[in-house]
Amino acid sequence: MGPTLNSMVSSLQRSGTFINSLIAALTIGGQQLLSSFTFRCPCQVGKNFYYGSAFLVIPALILLVAGYALRSQMWTISSEYCCSCVRPHRRISPLERKLACLRFLGITGRALVAPLTWLAVTLLTGTYYECAASEFASVDHYPVFDNVSASKREEIIAGFPCCKSAPSDVTLVRDEVALLHRYQSQMLGWILITLATIAVLVSRCLARWCSPLTTLQHCYWTTHLHNERELFEQAAQQHSRLLIMRRLKKLFGFVPGNEDVTHIRIPSCQDWKDISAPSLLCMGDDLQGHYSFLGDRVEEDREESKSEGIELKP
């Protein structure tokens, strides 16, 4: 049962539909929480539009940027194919560029799920749009506003989203304006959903038509990328642990977790100064650059020096 469950979890994690659905569900939940506990329309002239628009657009932009930034493949593509500050080590073939474009389209599609979900849900709800559009409501055809000055009229209209107490005739106008704004907001929401659905369908068709790979090759390529990343992370973790343990043994004379410690080494002041200056990058022609604070700064002969070590007798 254990391997079967792990296989199901791994399959769901690799499923784009499942991940997109999860992102959409989390976005909807966040939007509902934000609307319930944070959003309060100011109901003041000159502030409703900016406040409502900010809640409608800015979270969508943040989600879009986060969607790109949180995708590790985005940084891989930018460093391998787009970064011009690094000297190219090999020539990139046209096939590799096409595959990179396909990967970028996939990243863009995943990054657009959250902001489009936010916009669609907020427009279907209508709260933000109603606040933003309240200042531009046209009430010229209502007789109740015939003898009201322009400034007073703007003040009354700006207060519509807050449902303040008002005469019955003004309340009727307020309800009609709210229904009109709700109608406009929901229509925009459904139009956005329709356009997004069509765009997804067209982009997937174009990606398959323009892809240099067949369906089976594309399936294999996707699986290959996933397995490559997974195995590389496992190998990198094991390699880094072994390398760090070797360097720690050079520095202290023993490996963490070793119960049979008979000799320890006391690092000198120069050792502490050396390892306090990290060398984090492997650059230039040095093919074995250091990747950590420890590096290989502790010499083997100094490790074996008895004047700098302590023998532990059982």
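Ring pairs join Phe39, Tyr51, Phe55, Trp118 and Tyr128 into a cluster. Rings of Phe, Tyr and Trp, the last by its six-membered ring, pair if their centres lie within 6.5 Å; planes under 30 degrees apart are stacked, over 60 edge-to-face, the rest tilted. This is a predicted model: local features need pLDDT of at least 70, side-chain atom pairs count only at pLDDT 80 or more, and totals for chains, interfaces and linings use all residues. Residues are numbered from 1 along each chain as its sequence is written, and side-chain values use heavy atoms, with hydrogens and water left out.

The structure holds nine aromatic pairs. One of them, phenylalanine 39 with phenylalanine 55, is edge-to-face, 5.0 Å centre to centre with 80° between the planes. That pair links distant parts of the chain, 16 residues apart: phenylalanine 39 sits in the loop between helix H2 (16-37) and helix H3 (48-69), phenylalanine 55 in helix H3. Helices here are DSSP runs of H or I, at least four residues, numbered from the N terminus. Both phenylalanine 39 and phenylalanine 55 are buried. Buried means under 20% relative accessible area, exposed over 50%, and partly exposed in between, with a 1.4 Å probe and protein chains only.

Now the surface. Leu180, Tyr183, Met187, Leu188, Ile191 and Leu195 make a nonpolar patch of about 580 Å². Patch residues have over 30% relative accessible area and no salt bridge, and nonpolar side chains are joined within 5 Å. A salt bridge is a side-chain nitrogen of Lys or Arg within 4 Å of a carboxyl oxygen of Asp or Glu. Leucine 180, in helix H9 (residues 168-210), is partly exposed at 43%.

Conventions:
Patch = residues over 30% accessible without salt bridge, like charges linked within 9 Å, V, L, I, M, F, W, Y side chains within 5 Å. Areas by Shrake-Rupley, 256 points an atom, 1.4 Å probe, with all protein chains shown as cover. Helix = DSSP H or I, 4+ residues; strand = E, 2+ residues; numbered from the N terminus.
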